[in-house]
Structure formats: C-alpha cells, structure tokens
Amino acid sequence: MASVSIRNVRKSYGPVEIIKGVSIDIRDGEFVILVGPSGCGKSTLLRMIAGLEEISGGTIAIDDRVVNDMPPKDRDIAMVFQNYALYPHMTIADNMSFALRLKNTAKSEIAAKVERAAGILGLGPLLDRFPRQLSGGQRQRVAMGRAIVRDPKVFLFDEPLSNLDAKLRVQMRTEIKEMHQRLKTTTVYVTHDQIEAMTMADKIVVMHDGIIEQVGAPLDLYDNPANMFVAGFIGSPAMNFIPGSIGGDGFTTEDGSRLPLGGRVPAASDGRPAVYGVRPEHFRLADEGLAAEVVVVEPTGSETQMVLRPLGSKAGQAGAGREDRKRELTWVLRERTGARPGEVVRIAPDPARAHLFNPDTGLRL
C-alpha cells in the first residue's frame, strides 16, 4: 500500500490545457473517487498516475517516490479499465495469472495468489472457463482479479462499471467496496456517476474543466457544497436553484415569493442578488408556501418525484422556453401522494437546509 501525492499537475495537448494545476493528497489505504462530467479531465489524470500519459507540469509521487518519468510497469500499480480486455483464448485462471507468468513467478506462488483472488471475488468455480462463457459482471470480476494477484501498491479504476446494466452496477459497487475493505489497498477510481461516488468513496474529488471544484467526504460535499457546480452535480435529482435577492430576514424570488432563511442572513446583504439552493427532499407542504403547478409525477415505489412550475414565473406560463423551464423545481417525498399534473400545491423549503449562492461567482455565501 502507498500514498499518492499529486502536486500542481498539468496536461496540455499543444495550446489546449486539459488539466490546469491539480493538487490532491491520497492517504495510504484511502478509496478516492474522481468524479465530474465528460471532458473534465478525470480519466486523463488517472492515466497520468498510471504512466499512460505524459505529464506537462507538476509532480506525481507514489509512496513518496516521484514517478513522472517512470514507465508504468515500474510504478507498482494495477489498472482496471472500462473494457475488460481479457484474452479470449485463455481460461480465467490463465487470464488472472498472465502478468505473474511474465515475471517468471514461481508456479506455487501464482496458484496461491490466483486462489486467494478467486476466493475474494467468488470466482473459484469459474477458473477453468473461458471469457465467452461468463456474464458481463463475471468478466469484470476477472479483470479485478487480474489486478489483485499483482498485489500492487495502488489500484486504478477507469469507469469499470459503465458497460454493465443497472442491477449489475449496484452489485459490483458493493463488491468493489467490500474488496477494498478487505485488502485496504490505496484506490483511485474514476466515474461520471455521482451515485457511484457517493456510495463507494472515502473521499470525493469533484472536477470540472480541468480544475478541482471541491474535495471532501461524500456527505460533506452533499451537505456543504462549495459552489453551485458541486451543489448541482452531487445529488440526484440535483439541487433546485431559485434566483432572487436577500431582503430583511428572508429571500425574495424574482416573481415576488418569499422564502425563509432561518436567521442565517449574511451581514450587510439586504437587497443583494443571490441564488437560493434547496435539495428536492427538503421541501414540505405548507399553507403559506410557494405556489406551484404540478407538471410531472414520477412514482418509484420508495418515493415520489414531482416536477413543479412556480406560479407567476415564466416557467409556469404557456409557451415557456427552454431557459425558463430551467426554473422548474423538483420535489421528492417519501409518502404517497394523490397529486396530479395540473394541480396547484404549496411547498416550503426547510430553512435550516437551504443554501445561498453568489449568482456571479457561483460560490456559496
């Protein structure tokens, strides 16, 4: 096991800078997930840790040893890709042991390591089969087993669950987390799926346009987002954003509705433009709440999700454009509801869970 230290790392392709001075400290045995939208630079950063991409600037150190110019084979890392990349003509046991055989490892040691990895991943009965005889989830476990037998200092995962169906993704999330808890090997995992990040990580690194927006534990990022990007990216459905201004002891929306702030009004902010952020599950029915028309009702069984259009806003009017529809609100409730599209409900946010953001910088006030 080892720590990973990333210091002011940059990556450019000609004049285009993809990674813009990223610094991350990953502790020994930590499970860190790099998350962000497509094109944010997370996979590029992972490939630089692996040695598959050259570093344009800064340093990467594994176990306090700078590896910038070190070939991948000497970095003592193991990488699991989105593509399983299994050899179709080899059995599962041969696929898992291939790297060890290349190093001329003793047969007894290879057999012991393959048996151990197969036991961890539940692959014991499948070792004599070929990849074509396995399901997608089983093939992904073989790819993980191939990494485990190398006993590396660092595991690197590059969106390993993207090719699996929804049920298998949930199952594999559990298996990867369970594997990490048993092996306690430092792990860096890349995904665009924030649900994977929330459920698996010890620490999440949220990336956007080649920079780090925020680093922290999953619930810290969920409860205390640093800016509107993190607030909107972490959490599904995303946080609701309501533009308006701070006034008196509350918040006034652009259509004149009043929302509570719970006594947390920033000093000298009367009349200041702001964006009111509230998560979908933090609304409740209230007689004096915000009036909104029900647009869509989506029952999922354990909860019901509703899309609402505030009355008085352009989003609630016929012929509302795409930009206006961005002001629609999402409400998630656990209890059953008889609300139907076209009906009007009144909802109020929990002021203790609300956030205020600067509309110009996006930073939380």
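Residues are numbered from 1 along each chain as its sequence is written. In this predicted model, local features need pLDDT of at least 70, side-chain atom pairs count only at pLDDT 80 or more, and totals for chains, interfaces and linings use all residues, while side-chain values use heavy atoms, with hydrogens and water left out.

The protein is divided into domain 1 (4-233) and domain 2 (240-314 + 326-357). These bounds come from an automatic or database domain assignment. The C-alpha centres of the two domains lie 39 Å apart. An unreviewed UniProt entry places the feature "domain: ABC transporter" at residues 4-234. UniProt positions follow the numbering used here, feature names are shortened, and annotations may be inferred rather than shown by experiment. The span 4-234 is 37% helix and 26% strand. Its end C-alpha atoms lie 24 Å apart. Helices (H or I, at least four residues) and strands (E, at least two) are DSSP runs, numbered from the N terminus.

Domain 1 and domain 2 bury about 670 Å² between them. Buried area is the accessible area (1.4 Å probe) that two parts lose on being put together, summed over both. Carbon and sulfur atoms give 62% of this area. In domain 1, Tyr222, Met228 and Ala231 lose the most area to domain 2, together 73% of what that side buries.

Three residue pairs are in polar contact, both residues at pLDDT 80 or more. A polar contact is a pair of N or O atoms within 3.5 Å; within protein, one must be able to donate a hydrogen and the other to accept it, and residues adjacent in sequence count only if both atoms are side-chain atoms. On the domain 1 side, α7 (218-223) and α8 (228-233) are the elements that give two or more residues.

The peptide bond from Ser236 to Pro237 is cis, with omega near 0 degrees. Pro237 lies in the loop between α8 and β11 (240-247). Asp76 is not a glycine, yet has a positive phi of about 60 degrees. Asp76 sits in the loop between β5 (65-66) and β6 (77-80).
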